[in-house]
Amino acid sequence: MDAATAELLVPLTDSRRAHTIAVGRKVERVAHLVPELLRAEVVTAAYLHDVGYGYPATGFHPLDGAELLAARGYSSTVCHLVAFHSASTVEADVRGIPQETLDQFTMSTDVPGLDIASDLVWWADMTTGPTGETLTLDERLADIRVRYPEGTLVRTAIDRAEPLLRGAVQRASGSM
């Protein structure tokens, strides 16, 4: 992790920062699975996937993070991976955030390796606990469900997103 990335993580809580760093380290270990041109981008996005929590503008961290990174000149690939990590579109829908709000960060699906890059970020996020510990997907989902009771926005979103999350984790695991 470079100094600029570390500096952006300063406003995060200690536990959120530990989670984010662990996600970045996981993706660093498997970045060789994406085309060479995307390797640095996917690693950067993994380290910064939750940066929006430290810079709340809208209160929706994937969007806040992507907007912050775009304003600071990060690539469209990094912004895309941050904006759309871990089924964020499902949570955006639950929150009533129009799809068009995230569309500014959409990249063409024709970018070679973008799908696996996205899956790797989702896999690392969904197999890393809130303080950086390694969990199975089932353990991570259970932890989220304990922390966010039924009826809350996050719980509703995670329940709806579970099939998408499982698919990404399975695809990423299968590629390793």
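Residues are numbered from 1 along each chain as its sequence is written. Because the model is predicted, local features need pLDDT of at least 70 and side-chain atom pairs count only at pLDDT 80 or more, totals for chains, interfaces and linings use all residues, and side-chain values use heavy atoms, with hydrogens and water left out.

Helices are DSSP runs (H or I, at least four residues) numbered from the N terminus. Helix α8 (residues 114–126) packs against helix α10 (residues 153–175) at an angle of about 110°, their axes being 8 Å apart. The axes are lines fitted to C-alpha atoms, for helices over the stretch in contact, and angles run from 0 to 180 degrees between N-to-C directions. Helix α8 is therefore roughly perpendicular to α10, a term that covers angles of 65 to 115 degrees. The crossing of the two helices is left-handed, meaning that the near helix is turned anticlockwise from the far one by less than a right angle. On the α8 side, the contact (heavy atoms within 4.5 Å) involves Ile-116, Asp-119, Leu-120, Trp-122, Trp-123 and Met-126. Their counterparts in α10 include Ile-158, Leu-164, Leu-165, Ala-168 and Arg-171. By class, 11 nonpolar, 2 polar and 2 charged residues make up the contact of α8 with α10. In this classification, Ala, Val, Leu, Ile, Met, Phe, Trp, Tyr, Cys and Pro are nonpolar, Asp, Glu, Lys and Arg are charged, and the others, Gly among them, are polar.

Two residues of this contact may be described individually. Asp-119, in helix α8, is buried, with a relative accessible area of 7%; the term denotes an area under 20% (1.4 Å probe, protein chains only). Apart from residues up to four places away in sequence, Asp-119 touches Ala-168, Arg-171 and Ala-172. Leu-165, in helix α10, is also buried, with a relative accessible area of 0%. Leaving aside neighbours within four places in sequence, Leu-165 is in contact with Ser-86, Ala-87, Trp-122, Met-126, Leu-137, Leu-141 and Ile-158.

Among these partners of Leu-165, Ser-86 and Ala-87 belong to the loop between α5 and α6 (88–95). Ser-86 has a positive phi of about 50° although it is not a glycine, and Ala-87, likewise not a glycine, has a positive phi of about 60°. Both are buried, Ser-86 with a relative accessible area of 14% and Ala-87 with one of 3%.

Helix α3 (residues 36–48) has Leu-38, Val-42, Val-43, Ala-45, Ala-46, Tyr-47 and Leu-48 buried. The buried residues of α3 pack against α1 (3–9), α2 (14–30), α4 (61–71), α5 (76–83) and α8.

Helices α4 and α5 also pack against each other, at an angle of about 170° and with their axes 8 Å apart. They are therefore roughly antiparallel, the term for angles over 145 degrees. Pro-62, Gly-65, Ala-66, Leu-69 and Ala-70 of α4 make the contact with Val-78, Cys-79, Val-82 and Ala-83 of α5. By class, this contact has 8 nonpolar residues, 1 polar residue and no charged residues.

Definitions and conventions
Parallel < 35°, antiparallel > 145°, perpendicular 65-115°, else oblique. Buried < 20%, exposed > 50% of the residue type's maximum accessible area, 1.4 Å probe, protein only.
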